[in-house]
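Take a look at the model first, and then we can walk through it together.

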2 protein chains.
Amino acid sequence: MAQKLTKRSEDYSKWYNELVVRADLAENSAVRGSMVIKPYGYAIWEKMQAELDRMFKETGHENAYFPLFIPKSFFSREASHVEGFAKECAVVTHYRLKNDDEGKGVVVDPDARLEEELIVRPTSETIIWDTYKNWIQSYRDLPLKINQWANVVRWEMRTRLFLRTAEFLWQEGHTAHASREEAIEEAETMLGIYSEFAENFMAIPVIKGLKTESERFAGAEETYCIEAMMQDGKALQAGTSHFLGQNFAKAFDVKYASKEGKEEYVWATSWGVSTRLMGALVMTHSDDQGLVLPPNLAPYQVVIVPIYKGQEQLDQISEKVNEIQSRLRAKGIRVKFDNRDTHKPGWKFAEYELKGVPLRIAMGPRDMENNTVELARRDTLSKEVVSVDGLEDQVAALLEEIQSNLLNKAKDFRESHSYTSDDWEDFKAKIEAGGFVWAHWDGSSETEEKIKAETKATIRCIPLDQQAEEGKCVYTGAPSKGRVIFAKAY
Amino acid sequence: MAQKLTKRSEDYSKWYNELVVRADLAENSAVRGSMVIKPYGYAIWEKMQAELDRMFKETGHENAYFPLFIPKSFFSREASHVEGFAKECAVVTHYRLKNDDEGKGVVVDPDARLEEELIVRPTSETIIWDTYKNWIQSYRDLPLKINQWANVVRWEMRTRLFLRTAEFLWQEGHTAHASREEAIEEAETMLGIYSEFAENFMAIPVIKGLKTESERFAGAEETYCIEAMMQDGKALQAGTSHFLGQNFAKAFDVKYASKEGKEEYVWATSWGVSTRLMGALVMTHSDDQGLVLPPNLAPYQVVIVPIYKGQEQLDQISEKVNEIQSRLRAKGIRVKFDNRDTHKPGWKFAEYELKGVPLRIAMGPRDMENNTVELARRDTLSKEVVSVDGLEDQVAALLEEIQSNLLNKAKDFRESHSYTSDDWEDFKAKIEAGGFVWAHWDGSSETEEKIKAETKATIRCIPLDQQAEEGKCVYTGAPSKGRVIFAKAY
Ligand SMILES: [Zn+2]
Ligand SMILES: [Zn+2]
């Protein structure tokens, strides 16, 4: 191992940046703002994809693929969408390079200018609704429930691995419905899937809510979101689901003939999560020793490290380990046996701690004699010597325990950093200290803007699951009917 | 059903274009040369991906993700690569749009010009080797065996769905090795995987071979390929695997310290297959009635259509069908029950024939009485009435039979359209008629070029598995040591 990670308490942001690179999740590339997702990081992303894909398909969605490029004019079609998305984006203007006549290498061929510039998709509503126009004629064609796994590009000036990159990977669902009610139900269903996925699969507790008008997706009538709390008390939006009304149907003229033979505009939703979730994963569970992975997301859940002198001892241990491995695999447990002779056990211990492998099994000559192994938990850093007999059951049970322990730990953290506040000075102090502050708000964008200007806190969401409560806006004192969540955010 | 498909014998090319659209595989988009892969087509592609991904991982490869954009200057680094790839490609020159001052809508912001243009990747050797430079220091870091699933863009003037599109989906493997021998072995291993996948999974027989110098990948020392024969006798290159020598290591200065402590350049391979395989799939198996899918690739392998009058009959049939469905699913068979009341059985029959579902089960009131169903095979268009008892075993066996029947049929077709020729006039006539012509060639690019100019046939490959045979070049009469395969190609 090289030097230690920066501690979270010293510099949380530096800790994050170092950890992402050193745990082999991702790194910056030669292209400003674009990252390379390394094999270990990508393997975690693949686990997320597989589970989400399964959940989407189980709820009747199909995958498809739409073009990377969108004609520039498409962005002008939906008035508010153009404001939100047609600004910072990658513009393709030419389709050919050539060798420079004066030997300057490769240059853009000025004769190969596109008549209409193409935009690298920042999100695909426009090109997809242009396509849906041909797919939807009658109520029989509805609902249309399609998802796309894709890369998207949003030019960003200040980027951070996973959290904010010019290019990122995501899924975007785009559905079409015959009625407002059905579309709203779809948007809420998908929010439920995201929430279930975050909590049960990623062990990240989230709050489901609605965005205020000023934080809404460009072109949406309502934006639903899930918000998670990071270990520095800041909020991270982990997924959004939009009820788009008939905005895109009107912009792209998508109508259907109802059962009664009437022509009606179609109702829409869109919803997405991205590689940003990788950032949420790191910042929710990891510690000063490195990554901590929930067993569901770990590329390998158990690593076995042999402790030996000489080939003969290694052979004996390997034989035993092979047997243990097959018993673990038979239980569906992902296990890796690191028998490389190029690295010492101590180096391997530190390496797998850094990479967040949930359980480490070490086996040496004494263990061979006693029919035991040393079993170490990454989440609690605790160790115990246990018998090889029945090890597979113990490991399976421990993996479940770790998964739920991580969720509970994150819930406890959120609880202990969530506050209510009814007083402006108190509110400011609490925001400054970090965490979620539940406060009354008068419902105006103006007040929201002023609070943001004074505290850097935004309204993360209007929580869906809460009791109505009469109160007074923490800033203006005007009447309010329920609390919203304020926090600084990623 | 709308009107019939154009017959293959009338216009093969038209038949293909119609079939791809009408079977819901893909369609053209608003972006010239870019296609939309529709859900049914994408579900087939997902099956290909899953199987290939499994095969890659089983042979020790990991997935990762590299940037979509490549700095223009990277293309100048590898001399032959720039010739091959830096020509027809999408060039990003700006990173911002703005609202036009004169109300012309959205325009490119001239102030947001990139210092160095970015190229949308046509293939990723350059950006990946630029990354590998930081990942490889010592022999311990080798071999590095990485695959990427991605979209790529190559500007094409004349495009055809799946066969030639500006944007397409593919996988690209990029490996780094300590020795020439190991890299060559990797290139050959991957060719073997492609060949096994094509034959055993897609039921497409292929010939493994080497490309001639003029057909080699830009930057490769050797290009291996698999070549398939379509039903019009033309060849389709279904996959390539390149031994890149040390070309990219030298261009991007990637060296490693050997066990002996010497600095050496790394040896490389790259290999890929793309959504082009969808075109090969269609053109190998399908017929004048529509798509014919090998069971391995069929989104659903069996469709069940009820034939009924009134809700009561449908309820009775549905109950029976539900039981049949669970027995089929328990065998791992993908089955769909189409009980929509918006379409008649005859419409459904035609629809699933067009979409190539391998087996169709129909069940009506008479079947209910007799405990039978009608079972129809898509590949042979034959039908029989069979008992419901043991249906799941019969279906499982039939699916296997269909899978191997399709491969055998395609092999027979290839055999009957493969010729040897030792005479120039005979050669020209055979090329004109269509098929593979095995002929002697003197090994010169000049001769190859002349043959192409006179016949439009190219050397598809120098087959790997063939006996050495002395002979004379069919064009020049100069000596040759073995036959190569000539054909017109997609
Ligand atoms: Zn705290
Ligand atoms: Zn023929």
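## A strand pair in chain A

Trp170(A) stands opposite Ser274(A) in β16(A). Strands β10 (residues 167–177) and β16 (residues 267–274) of chain A pair in the antiparallel sense over 8 bridges. Strands here are DSSP runs of E, at least two residues long, and helices are runs of H or I of at least four, numbered from the N terminus; two strands pair if DSSP finds at least two bridges between them.

This is a predicted model, in which local features need pLDDT of at least 70 and side-chain atom pairs count only at pLDDT 80 or more, while totals for chains, interfaces and linings use all residues. Residues are numbered from 1 along each chain as its sequence is written, chains are lettered from A and ligands numbered from 1 in the order in which they are written, and side-chain values use heavy atoms, leaving out hydrogens and water.

## The sheet around it

In chain A, an open sheet of 11 strands with mixed pairing runs in the order β3-β9-β10-β16-β13-β12-β11-β24-β27-β23-β22. Its edges are β3 (62–63) and β22 (418–420) of chain A, each with a single partner strand, so one side of each has no neighbour in the sheet.

## Where the chains meet

Chain A and chain B each give 64 residues to the contact (heavy atoms within 4.5 Å). Strand β5 (residues 91–94) of chain A runs antiparallel to strand β5 (residues 91–94) of chain B, joined by 3 bridges. There, Val92(A) stands opposite Val92(B) in β5(B).
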